[in-house]
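Visitor: I'm new to reading structures. Could you walk me through one, feature by feature?

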Number of protein chains: 2
Amino acid sequence: MSLLVVGSVAFDNVETPFGKAERALGGSALYFSTSASYFTDVSLVAVVGEDFPEEATEFLHSRGVDTRGLQRTKGETFCWKGKYGFDLNEAVTLDTQLNVFGDFHPELPADYCKSTHVFLANIDPELQLEVLKQIENPEFVALDTMNFWIESKRDALIEIISKVDMVLINETEARQLADDPNIVKAAQTVLAMGPKYVVIKRGEYGALLFCEDDEPFFAPAYPLEAVFDPTGAGDTFAGGLLGFLSNNAEVTPEKLRQAMVLGGVMASFCVQEFSFNNLRDLSDDKIAKRFERFEKLVRFNCLES
Amino acid sequence: MSLLVVGSVAFDNVETPFGKAERALGGSALYFSTSASYFTDVSLVAVVGEDFPEEATEFLHSRGVDTRGLQRTKGETFCWKGKYGFDLNEAVTLDTQLNVFGDFHPELPADYCKSTHVFLANIDPELQLEVLKQIENPEFVALDTMNFWIESKRDALIEIISKVDMVLINETEARQLADDPNIVKAAQTVLAMGPKYVVIKRGEYGALLFCEDDEPFFAPAYPLEAVFDPTGAGDTFAGGLLGFLSNNAEVTPEKLRQAMVLGGVMASFCVQEFSFNNLRDLSDDKIAKRFERFEKLVRFNCLES
């Protein structure tokens with residue numbers, strides 16, 4: 001089993017009511033691969049500029065991430081600037097400098113094309129299609145997207161959605177994509193586009209899994225006393241989810257549910273510090289202990305009849 | 001065991017994107033008592049005007065609700081007019097006619113003062129104090145409140161909070177009461193005011209239970225395909241919760257969790273039709289079946305170690 005992620009690596013300038021981080025490492029592929037690396041072998045495809053620090057690549061290597069697909073080109077690395085208010089569920093983008101990411105064309109080392117599991121992070125759906133065509137025989141493909149692509153590349157987005165197994169999408173964006181305010185109907189509309197699973201991400205309220213042929217599953221988020229920076233939580237969630245799945249021979253309803261919870265577990269670590277700092281030094285034991293806390297959070301007995 | 005509720009009975013004029021209801025029966029005490037009546041014996045204290053239909057009182061009797069505490073006075077019944085957008089989590093109040101509710105002074109028939117369980121619905125905290133003084137030896141008292149009282153009667157509100165076992169409060173109002181944007185810290189601040197339990201209501205995102213001496217519990221809301229009218233969902237939730245608790249000899253952590261889920265179950269029925277129409281004709285079997293769906297919604301296995 002091998003898990004491939006194609007997405008962004010970036011510098012983030014983030015301000016929250018609890019502090020700020022400047023030129024912090026970020027980007028969907030970085031959060032995803034770090035999170036998934038606790039469960040499986042990950043290969044990464046992204047692009048960075050000449051300003052990208054060697055230390056970051058070394059960190060990814062230390063986590064066992066294969067970075068041969070990380071292109072380094074002339075220019076500067078993608079840079080995002082955003083701000084969160086007390087409602088940490090939604091960021092206001094203050095500035096986006098695409099830099100080298102603007103001309104990104106994913107190039108996959110030959111053996112990456114044999115990946116069994118693929119995460120197409122939030123990039124242009126035409127690039128997502130381009131990548132997927134190169135994968136020889138994938139077992140499980142998931143994608144993320146955002147309002148910008150829903151508005152500007154709707155046709156390409158619907159085409160790639162029809163070819164994947166799972167769509168991960170924010171609640172607001174699911175409503176926008178399906179043009180339906182009801183989240184259950186929105187999920188059904190997206191399922192009708194082709195994927196087997198739709199995961200609706202609801203920030204601090206957790207995430208819902210909708211399936212073609214099973215009842216929905218709700219994975220809680222853990223109520224945390226201190227949330228410093230929600231940047232990357234969605235990709236970290238996806239990393240836990242796909243990382244766990246790709247380490248299991250079969251996608252059973254039970255494994256899917258555990259994978260959703262592990263996504264939430266990883267996201268809960270992520271938001272407790274700026275950038276992905278709190279994902280740098282986890283352990284199987286820490287992850288298992290938090291999984292138990294999630295289990296206790298929602299556990300209740302059946303009624304006596 | 002006997003459960004007393006003191007609150008409002010009202011006419012609601014409600015508009016949602018899915019339709020409207022005019023002069024629909026509503027009010028916290030009506031929703032609460034109807035919901036709780038599926039679990040226990042309920043007595044109701046509220047006030048209505050001469051325009052209140054006999055049919056409604058008869059319905060409450062058919063549910064076994066003791067309405068000797070329902071005062072009927074000269075004038076018109078409390079009337080609320082509100083509108084919901086596609087985000088059904090928050091109503092915009094368009095008009096409030098307090099009418100006879102403006103001079104409401106709860107009068108408790110003598111035997112009501114022996115109630116074991118009490119729900120002080122969202123009314124003036126000074127009236128909540130007045131009621132509580134009359135109860136001889138309550139086992140479990142819960143209250144609800146709202147932004148209006150947090151702003152205008154903060155001292156009285158904090159006094160009554162110090163005397164109850166459980167506070168039920170909306171997420172936004174918990175933040176306002178505690179002056180803390182973080183919901184965990186807000187709950188801890190409210191716990192420090194005296195109650196053993198704080199329930200944070202999060203609308204379609206479910207509810208959190210915080211305790212003095214245990215880890216939090218999250219009761220999900222069920223993702224429904226059609227939500228017509230969220231009016232009364234919070235009081236219906238409280239009715240399921242308190243109704244179940246008052247029918248159990250002891251408040252154990254396990255019973256509390258089941259009570260929270262039953263609150264969510266009853267609220268899920270409530271929002272599926274306008275007013276409390278969908279609460280009129282439930283059965284133990286229907287309630288048990290939906291409880292099972294809630295259980296399935298959040299059930300997952302522990303990780304293999």
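Guide: Let's start with a definition: helices and strands are DSSP runs, numbered from the N terminus, and a strand needs at least two residues. Keep in mind too that this is a predicted model.

Visitor: Then which strand holds N13(B)?

Guide: N13(B) sits in strand 2 of chain B, the run covering residues 10-16.

Visitor: Is N13(B) buried or exposed?

Guide: Buried means under 20% relative accessible area. N13(B) has a value of 17%, so this residue counts as buried.

Visitor: What does the side chain of N13(B) reach?

Guide: That side chain comes to 2.7 Å from the backbone nitrogen of R23(B). If you skip neighbours within four places in sequence, N13(B) is in contact with A21(B), E22(B), R23(B), C79(B), W80(B), K81(B) and G82(B).

Visitor: How does strand 2 of chain B pair with strand 6 of chain B?

Guide: When you look at two paired strands, check their sense and count the bridges. Here, strand 2 and strand 6 (residues 79-84) of chain B run in the parallel sense, with five bridges between them. One place to look is E15(B), which stands opposite K83(B) in strand 6 of chain B.

Visitor: What is the order of the strands in the four-stranded sheet of chain B?

Guide: Read across that open sheet and you get 3-2-6-7, with mixed pairing. Strand 3 (19-26) and strand 7 (91-97) of chain B each have a single partner strand, so they stand at the edges with one side lacking a neighbour in the sheet. From one strand to the next, the twist averages 15°.

Visitor: Where do side chains point along a strand?

Guide: As a general idea, side chains in a regular strand alternate between the two faces of the sheet.

Visitor: Over in chain A, how many residues of strand 2 are buried?

Guide: Six of the seven residues in strand 2 (residues 10-16) of chain A are buried, so the strand is mostly covered. Now look at its partners. Strand 2 of chain A pairs with strand 3 (residues 19-26) of chain A in the antiparallel sense, over six bridges. A hairpin of two residues joins this pair, and F11(A) stands opposite L25(A) in strand 3 of chain A. With strand 6 (residues 79-84) of chain A, strand 2 of chain A pairs in the parallel sense over five bridges. There, V14(A) stands opposite G82(A).

Visitor: How many residues of helix 1 of chain A are buried?

Guide: For a helix, you can go residue by residue. In helix 1 (residues 28-36) of chain A, nine of nine are buried. Among them are L30(A), Y31(A) and F32(A).

Visitor: What about the nine-stranded sheet of chain A: what is its order?

Guide: That open sheet has the order 5-4-1-8-9-10-11-12-13, again with mixed pairing. Its edge strands are strand 5 (66-72) and strand 13 (217-219) of chain A, each pairing on one side only. Neighbouring strands in this sheet are turned by 15° against each other on average, direction ignored.

Visitor: Which strands does helix 8 of chain A touch?

Guide: Helix 8 (residues 233-246) of chain A packs on the sheet, and the strands touched include strand 1 (3-6), strand 8 (117-120) and strand 9 (140-144) of chain A. The direction of helix 8 makes about 170° with that of strand 8 of chain A. Helix 2 (residues 54-62) of chain A lies across strand 4 (42-48) and strand 5 of chain A, at about 160° to strand 5.

Visitor: How many disulfides does the structure hold?

Guide: Zero, over all chains. As for individual cysteines, C211(A) is buried at 13% relative accessible area, and C113(B) is buried at 10%.

Visitor: Last one: how can chain A be laid on chain B?

Guide: A turn of 180° with a shift of 0.0 Å along the axis does it, giving an RMSD of 0.0 Å. The two copies are therefore related as by a two-fold rotation axis. And 100% of the interface residues of chain A are also interface residues in chain B, so the copies meet through the same surface.

Conventions:
Residues numbered from 1 in each chain as written. Chains lettered and ligands numbered in written order. Predicted model: local features only at pLDDT ≥ 70, side-chain atom pairs only at ≥ 80, totals over all residues. Heavy atoms only, no water. Least-squares fit on C-alpha atoms with pLDDT ≥ 70 in both. Contact = heavy atoms within 4.5 Å. Buried < 20%, exposed > 50% of the residue type's maximum accessible area, 1.4 Å probe, protein only. Polar contact = N/O pair within 3.5 Å; in protein donor to acceptor, adjacent residues only side chain to side chain. Disulfide = S-S within 2.5 Å. Pairing = 2+ DSSP bridges. Axes fitted to C-alpha atoms, helices over the stretch in contact; angles between N-to-C directions.
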